[in-house]
Amino acid sequence: MALSVLDLFSVGIGPSSSHTVGPMRAGRRFALGLVECGLVEATERIHVQLFGSLGATGHGHGSDRAVLLGLEGEDPETVDTERANSRVESMKAERRLSLAGGPEQGGKDLAFDPEADLVMHRRKSLPYHPNGMSFTVYDADGEVVVERVYYSVGGGFVVDDEAAGADRVVEDTTRLPLPFSSGKELLAHCEREGISIPELMRRNEEAFRPWEQTRAALLNVWQVMQDCVEAGCESTGTLPGGLKVPRRAALLKEQLELSAPRDGSAPKDGSAPDALGAMEWVNLYALAVNEQNASGGRIVTAPTNGAAGIIPAVLHYWRDFLTREMTPEQVEDGVVEFLLTAAAIGILIKENASISGAEMGCQGEVGSACSMAAAGLCQLLGGTPRQVENAAEVGIEHNLGLTCDPVGGLVQIPCIERNAIASVKAINAARLCRRGDGRHTVSLDQVIKTMRETGQDMKIKYKETSRGGLAVNVIEC
C-alpha cells in the first residue's frame with residue numbers, strides 16, 4: 001500500500017468529504033462500473049441505502065444529493081457547484097435519473113423514485129465502518145442484477161466490500177524508495193539520508209508521477225484554497241439549513257482591514273496596534289473556508305472537509321505575515337514544502353488511526369488537520385525533522401478526545417469555529433516546538449495510537465451521529 005500527497009489533498013465539494021465527496025465518488029464508481037461490465041441495458045431500477053453515520057446525518061451533509069449526482073456520473077472535483085442543487089431538485093421532481101450521464105455517454109435514463117429508491121437508515125449500520133452504503137440493480141422482472149457495498153472512510157476515500165476490514169487502506173502497490181509506516185521510520189530515513197521530511201516526500205512522490213506534475217497539482221490545490229478563502233470573504237447572508245447561522249467572514253474582513261492591516265501599517269480606525277492582530281486574520285481565513293464548505297462550495301479535503309479550514313488558514317498566515325521579503329517563486333516553493341510535510345503526517349494518521357469523524361470523532365478530523373498544519377508550519381520556520389515531528393505530536397495531543405457532535409447534522413456548529421481555534425493552536429504548536437531541540441517525552445506514534453484507542457472507546461453518539469453533545473443540548477436549549 002502507498003499513499004500520495006494528492007490522496008490527502010483533493011479538490012471536492014462541501015459540506016463533507018466523508019458524507020458528500022465519498023458518496024458521490026461511490027455513486028459514480030458504481031454507475032461507471034455498470035457501463036464497463038455491460039450491465040446498463042439490463043438495469044431497470046436502482047435501489048440505494050445509506051447506513052450508520054451516513055443515514056443519521058446524511059440529509060444535513062447532502063449525502064442523498066451527492067449519491068444522485070454520482071450516479072449521473074458527476075465527479076466532486078468538476079461538478080458545477082452552482083447547478084448541483086437545482087439538478088437534484090429536477091431529478092426528484094421528474095423522478096428520472098440519467099445513469100452514468102445518459103444514453104449519449106453510454107448510460108441510460110431511468111425512472112427513479114427518491115422516496116422508495118433512496119433509503120437512509122438512521123440507526124442501522126453495516127460491518128467494518130460507520131459510513132456504509134449499498135447499491136442494488138434490478139432488471140425488468142425485479143431480479144437482482146448486481147449489488148455493491150461501499151464504505152466512505154474519511155477524506156473522500158472510498159473502499160468496496162472486498163476491502164472489508166481495511167478501512168484505512170487504499171489499494172496501491174506503488175513501490176516507494178523511502179517507505180514509512182511510523183514517525184520513527186520517517187525520522188530514521190531523514191537522519192540516514194540527511195534530508196528533510198518534504199525532500200523525503202518528494203522522492204516518494206516521484207514513484208507515482210514526474211515531479212513537475214506533482215508540483216503543479218499542489219500549486220493548483222493551493223490556488224483552490226486561496227479561491228475558497230476569497231469567495232468566503234465575499235459572501236454574506238446565512239448558511240443553508242435550518243440553523244440560520246449567519247456568515248461572519250465578510251464583516252470580519254472589513255473590520256480587520258481597518259483595525260489590523262496585514263501590511264503592518266498603523267490601524268486605520270484609530271485604534272492602538274494589536275500584537276495579536278495576525279491571529280484574528282487566521283480566524284478569518286478558517287471561517288471563510290468552512291463557511292464555503294458548509295454552503296456546498298468548492299473545497300480542498302485537508303485532510304477532510306470538516307477540517308478543511310485549518311491548513312489553508314495556517315498557510316495564509318505564513319504567506320501574509322512571514323514572507324514579505326520573499327519572491328513569488330520562493331513562496332510557491334514554501335507552499336509545496338508545507339503541503340508535502342503536512343501530507344507525511346496525514347499519511348501516518350490515516351494508516352495508523354483514521355481521519356474519519358464517524359470512526360474517531362472530531363479528533364480524527366480537526367485533530368489530524370491541526371497536527372498536519374503544525375508540522376507544515378514548523379518546517380517553513382526552519383524546523384528540523386525532529387522539531388517537525390514534535391510539532392505534529394503537540395498538534396494532535398491537545399485535540400485528543402474531541403467529539404464530533406454537529407448540531408442538526410450540519411457542518412456549522414461547532415465545526416466552523418472549531419477550525420478557527422485549531423488553526424491558532426497549530427501555529428502555537430509550530431512556534432513552540434521550533435524553539436525546542438526536538439526532544440520530547442511523548443512521541444507522535446504514541447499519540448496516534450492513543451487517538452485510535454480513544455476513538456474506539458468513544459461512544460457512538462459522539463461520532464458524527466448528531467445524537468450526543470452539542471447536537472442534543474443546543475436543541476434542548
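Me: Happy to walk through this one with you; in which helix does Ala-422 lie?
Reply: Before the answer, note that this is a predicted model, where local features need pLDDT of at least 70, side-chain atom pairs count only at pLDDT 80 or more, and totals for chains, interfaces and linings use all residues. Residues are numbered from 1 along each chain as its sequence is written, and side-chain values use heavy atoms, with hydrogens and water left out. Helices here are DSSP runs of H or I with at least four residues, strands are runs of E with at least two, and both are numbered from the N terminus. Ala-422 lies in the helix spanning residues 415-434, namely H17.

Me: Is Ala-422 buried or exposed?
Reply: Buried means under 20% relative accessible area, exposed means over 50%, and partly exposed is in between (1.4 Å probe, protein chains only). Ala-422 has a relative accessible area of 3%, so the residue is buried.

Me: Which residues does Ala-422 touch, not counting residues up to four places away in sequence?
Reply: A contact means heavy atoms within 4.5 Å. By that rule, Ala-422 touches Ile-310, Val-366 and Cys-370.

Me: Cys-370 also takes part in the contact of H15 with H16; at what angle do H15 and H16 pack?
Reply: Two packed helices are described by the angle between their axes and the distance between the axes. Axes are lines fitted to C-alpha atoms, for helices over the stretch in contact, and angles run from 0 to 180 degrees between N-to-C directions. H15 covers residues 366-380 and H16 covers residues 385-397; their axes are 7 Å apart and the angle is about 155°.

Me: Which word describes how H15 runs relative to H16?
Reply: Angles under 35 degrees count as roughly parallel, over 145 as roughly antiparallel, 65 to 115 as roughly perpendicular and the rest as oblique. The angle between H15 and H16 is about 155°. That makes H15, relative to H16, roughly antiparallel.

Me: How many residues of the contact of H15 with H16 are nonpolar?
Reply: Ala, Val, Leu, Ile, Met, Phe, Trp, Tyr, Cys and Pro count as nonpolar, Asp, Glu, Lys and Arg as charged, and the others, Gly among them, as polar. Among the H15 residues in the contact are Ala-374 and Cys-378, and H16 brings residues including Val-388 and Ile-396. The contact has no charged residues, 5 polar ones, and a nonpolar count of 8.

Me: Which side chain makes a polar contact with the side chain of Ser-98?
Reply: Ser-98 is found in strand S3, residues 96-99, and counts as buried at 19% relative accessibility. A polar contact is a pair of N or O atoms within 3.5 Å; within protein, one must be able to donate a hydrogen and the other to accept it, and residues adjacent in sequence count only if both atoms are side-chain atoms. At 3.0 Å, the partner of Ser-98 is the side chain of Asp-109.

Me: What is the phi of Arg-95?
Reply: Most residues other than glycine have a negative phi, and most peptide bonds are trans. Arg-95 sits in the loop between helix H5 (84-94) and S3, and is partly exposed at 39%. Arg-95 is not a glycine, yet its phi is positive, at about 55°.

Me: What is the omega of the peptide bond that joins Ile-413 and Pro-414?
Reply: Pro-414 is found in the loop between H16 and H17. The bond joining Ile-413 and Pro-414 is cis, and its omega is about 5°.
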